[in-house]
Amino acid sequence: STQSTWGAEGVRTVHNFEKPWFQTGIMFVGMTLCLILRAFARMIKSKPPTALTETTNLLPHNSEPQPNSQKNLFLISVPAIFDMIATALMFSGLVFTTVSVYQMLRGAQLVFCTLFSIVFLHRSLDKYNKIGVVLCLVGIILVGMASLLSEDPTAIVVPKWKQGLGMVLIVLSQIVQAAQMVVEEFLLQNVKMEPLVICGMEGVYGMVLLGLIFMPFIQMLPGTDAGSLENTIDSFTMVSRSSPLIFLECMNILSIMTYNYFGLSVTMELSAVHRVILETMRTLFAWLIDLMLFYWFTHGWLGEAWTSASYVQLVGFMVLVSGTLVYNYTLLMHETEWKEIESDMHKSLGGSAGATNQALSFASSYGRT
């Protein structure tokens, strides 16, 4: 977006709203609102448990989380710092790439998350995991090649070295975000913290660290943004003087809050396969919306055009999706079997404890206890 605003030296200028650190702060605001959602969810669920829920609570994946102690809440500052660095790197890379390439390169997270899980969580890989990682690597390479080969005459000219820098920043962000996810997995599975608490407290820590340390430091560093690496005063000035920016930032906050809430809800209430499919559809829809903006709504002003390199990008996207599904094959099959056993247990509550023992035995076999 562009907005007419006073520059650092009192000269009225029109410039692009390219503020990766400000956008990171907006993300943390949306995450903080998850604490409100948690409070609301606890309020509407505060009713006496029935005999059925008391029985199903024997299952480990439905057990109540442990109390959120101050020590555990402090631990959330670690993934919050990772999240802040990763998001700033991602938004910085997005300045030099298209939305579709940005979304697809985020598939690198699976590769690095796998490596960190092996090193720090001592997790072993089966053949589907290994094939999935290789496919994701091939898909990432194809998407990167498509971005460098793309020649869109209607787009703002970005030098090839800047496009390459943007992709490097996005891949680096996925390394940091993979570390964040490994820490979050430890907090969820070992510490047994509530997902919405983790998300909300990450937002709180992120806003505090960003506002008190990182943003003032970035403001002092020299750069091209009104004399700073990123001028925070200029960011607020641009937003305050632009109704479209205010609307877009409010929608951004809302989307971040709902994305985190419903993403966790899908994982808990349905299954991992639904989450994998929806994550894939998000990337596809981002690309489709970008194309629709270019051809139908703004007639070349916003979005991205379809070029000859888009076919390479499409193939890379399909390989990435295949890699993600293959990687999760074993987990999805195990979860499907778990759901079937759990359903049988519900049906046999009237007389037999065999289904309960079978479910608990299956859970123990695959690390659910």
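This is a guided tour of a predicted model, stop by stop, for use with the structure open in a viewer.

Residues are numbered from 1 along each chain as its sequence is written, and side-chain values use heavy atoms, with hydrogens and water left out. Because the model is predicted, local features need pLDDT of at least 70 and side-chain atom pairs count only at pLDDT 80 or more, while totals for chains, interfaces and linings use all residues.

**Whole chain**

Display the entire chain as a cartoon. Its secondary structure comes to 16 helices and three strands; helices (H or I, at least four residues) and strands (E, at least two) are DSSP runs, numbered from the N terminus. The chain has 369 residues, of which 40% count as buried. Here buried stands for under 20% relative accessible area, exposed for over 50%, and partly exposed for the range in between, with a 1.4 Å probe and protein chains only. Among contacts with a separation of 6 or more, 74% join residues 24 or more positions apart; a contact requires heavy atoms within 4.5 Å.

**Helices α1 and α2**

Select residues 20-32 for α1 and residues 34-44 for α2. Two packed helices are described by the angle between their axes and the distance between the axes. Axes are lines fitted to C-alpha atoms, for helices over the stretch in contact, and angles run from 0 to 180 degrees between N-to-C directions. For α1 and α2 the angle is about 10° and the axes are 4 Å apart, so the two are roughly parallel. The cut-offs are under 35 degrees for roughly parallel, over 145 for roughly antiparallel, 65 to 115 for roughly perpendicular, and oblique for the rest.

Show side chains where Gly30, Met31 and Thr32 of α1 meet Cys34, Leu35 and Ile36 of α2. The residues of this contact of α1 with α2 divide into four nonpolar, two polar and no charged. In this scheme Ala, Val, Leu, Ile, Met, Phe, Trp, Tyr, Cys and Pro count as nonpolar, Asp, Glu, Lys and Arg as charged, and the others, Gly among them, as polar.

Next, select Leu37, also in α2. Leaving aside residues up to four places away in sequence, Leu37 touches Leu196, Met257 and Tyr261. A distance of 9.4 Å separates the C-alpha atoms of Leu37 and Thr258, which are 221 residues apart along the chain.

**Cys199 and the other cysteines**

Move to Cys199 in helix α10 (residues 195-220). Is Cys199 buried or exposed? Its relative accessibility is 7%, so Cys199 counts as buried. Beyond residues up to four places away in sequence, Cys199 touches Met31, Cys34 and Asn260.

**Helices α8 and α9**

Select α8 (residues 127-149) together with α9, which spans 160-189. Their axes come within 10 Å and cross at roughly 155°, so α8 is roughly antiparallel to α9. To inspect the contact, show Gly144, Ser147, Leu148 and Leu149 of α8 with Lys160, Gln163, Gly164 and Met167 of α9. By class, this contact has three nonpolar, four polar and one charged residues.

**Lys192**

Finish at Lys192, in the loop between α9 and α10. Lys192 has a positive phi of about 65° although it is not a glycine, and it is partly exposed, at 34% relative accessible area.
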